[in-house]
Every structure is written in structure tokens, then in C-alpha cells.
Amino acid sequence: MRISFVNGTQLLVYPKRTSSTAVWYLRLPDPDEMLFALHLLRSGDVFVDGGANIGAWSVLAGSTGADVVSVEPVPSTFSVLERQVGINQFAGSVKLVQAALAASRGTVQMTIERDAVNKVIDAGGFEVPTVTLDQLVPAGPTMIKLDLEGYELEAIRGAARTLTSKPLLALVVETFRKQNWKLPKLIEIEQILADAGFLPYSYDPIQRILIPLRGLEAEPEQTGNNTIYVRDTTAVVDRLRTAPKIRIGRTKW
């Protein structure tokens, strides 16, 4: 079925596709991070949706007028993503890329029958092409979202130029930081991002403030699945505070 989403957009809800049913039940499945994107992005910005799945983040970002580069490797899911974009009209452009984000161009093996938790595996999967973040937007995006089921580090390794690009203001990365703070992968992710000036935050969408998070030298505060990483806090906070209110259901944020 077709439901109302944000800023006049619509989303298709599919049986047994948990990402779309989450939107049906919750409207914003990642509320703080999605509201962060809605408050941050402006017309003319560039948003990269890494691990786009059925397209909720892509449609949300497109609704702000930003240009969207949406990356999804699984063929059946990519076809749903195409339909989601097709039923909406955006002020900006939406580029769909059927590939997996990685550290270099090539191919990887993936599962394809696990809905929202399809992931890269060592062998025995479906072969998909890979692309790097540096190749996607040579001039640099404004914001990146990464939800790659454990493959986030490889994508970040392929973003050396992107992470130093002037336009990039923020990343939202699925980290499960509270559970994974001792894992070498997360430690390396945070080190690479810190070297590029990006530090971890959570977001209070009611007060529109960034809340600094501790580093990984001690167990982090309880947070959600995702971590927001910001470099130029002055520019980001100014955008967050000056963004117009957005109606989600019966509430304006």
C-alpha cells in the first residue's frame, strides 16, 4: 500500500519488508537521525544513501530538495527502490546506483534473501559490483548515511578524498556503539573519522542541539543503532537551528 511520508512524499509499504513496515508503524524508524537530516539538508546539497534498502532515507533526503545518490546492491531490493523514487517528485535529482560500497572497485559476494539484513559474505553468495564513496561524488557530498550490515569500515576506507572534502558536514553510521565499542572495526572507523575531524554526537531534535559522545576509551553512553559524526559544528548547528519546522504526523519538529 501507499502511505504519506514526509514533506508531501509517499512511500510504498510491502508485506514482509521490515524497513517499509517500520515506516508504516513509526513514520521515522530512526527518529533522531532522520530529523537531523531533515533539519540539516537544504536544496542543492548532496546526500549519499549507502545501503538504501527500500529507500526511506533516500525519499526523506530528496524531500528537502537535496540531490540524492542512492546505493543499493541487491537486485530485488533495488527494484523496490526504483519504484519508491518513481512515485515521488523531487526538486533535486536522484541517482540510483546498483552496487555495494567498498574500499575499491571490484565485486563482492552478498546474501540476497534476507530483506533488510542482506550483507557481504566471503563466498557462496550473489556477486555484485562495488563502488567507492570517492567515485560516487568526486566534489564531495554534504551528508552520508551508511547502513551496510557490518561493512561500514570498508566503505569508509574508500572515502579518503570524500572525508576531507569541504562540502561534507556529517555522516550517520550504523555502529551499535554501545554494544560494539571494543570491536577493532568500530575503533578503526572512529579513528579514521577523527583523523578527518569528525567526532561522535547524538541529536536532540526537540531542542535542536548536538550532544557530544564520549570516545571509545570507556564504555559509551547508551545510544541508538546509529551515530552521527560532525566536523564543522558551528555550520551544522546554524543549519539545525534555522531549518523550518517539519510536520511529521500531527507534530511539528
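This report walks through a predicted model of a protein chain, from its overall build to a few individual residues.

## The chain as a whole

Let's start with the big picture. The chain has 253 residues, and its radius of gyration is 17 Å; a compact globule with that number of residues would come out near 18 Å, so the two agree. Along the principal axes, the C-alpha atoms fill a box of roughly 50 × 45 × 35 Å. The secondary structure comes to ten helices and 16 strands.

How much of the chain is buried? Of the 253 residues, 53% count as buried.

## Surface and charge

The accessible surface of the chain comes to about 11500 Å², and carbon and sulfur atoms account for 52% of this area.

## An enclosed helix

The buried residues are Glu33, Met34, Leu35, Phe36, Ala37, Leu38, His39 and Leu40.

Now find arginine 177, which sits in helix 8 (residues 177-180). Is arginine 177 buried or exposed? Its relative accessibility is 0%, and as the cut-off for buried is under 20%, arginine 177 counts as buried.

What does arginine 177 touch, leaving aside residues up to four places away in sequence? Its contacts are Leu186, Glu190, Pro200, Leu213, Arg214, Gly215, Leu216, Pro220, Glu221, Thr223, Thr227 and Tyr229. With arginine 214 there is a polar approach as well: a polar atom of the arginine 177 side chain lies 2.5 Å from the backbone oxygen of arginine 214.

## Two loop residues with positive phi

Finally, take a look at two residues in loops. Asparagine 7 lies between strand 1 (2-4) and strand 2 (10-12). Although asparagine 7 is not a glycine, its phi is positive, at about 50 degrees. With a relative accessible area of 40%, asparagine 7 is partly exposed.

Glutamate 149 belongs to the loop between strand 10 (143-146) and helix 6 (152-157). Here, too, phi is positive in a residue other than glycine, with a value near 50 degrees. Glutamate 149 counts as partly exposed, at 24% relative accessibility.

Terms used. Residues are numbered from 1 along each chain as its sequence is written. This is a predicted model: local features need pLDDT of at least 70, side-chain atom pairs count only at pLDDT 80 or more; totals for chains, interfaces and linings use all residues. Side-chain values use heavy atoms; hydrogens and water are left out. Helices (H or I, at least four residues) and strands (E, at least two) are DSSP runs, numbered from the N terminus. Buried means under 20% relative accessible area, exposed over 50%, partly exposed in between (1.4 Å probe, protein chains only). A polar contact is a pair of N or O atoms within 3.5 Å; within protein, one must be able to donate a hydrogen and the other to accept it, and residues adjacent in sequence count only if both atoms are side-chain atoms. Contact means heavy atoms within 4.5 Å. The radius of gyration is taken over C-alpha atoms; the globule rule is 2.2 Å times the number of residues to the power 0.38. Accessible areas come from the Shrake-Rupley method with a 1.4 Å probe; for residues, only the protein chains shown count as cover.
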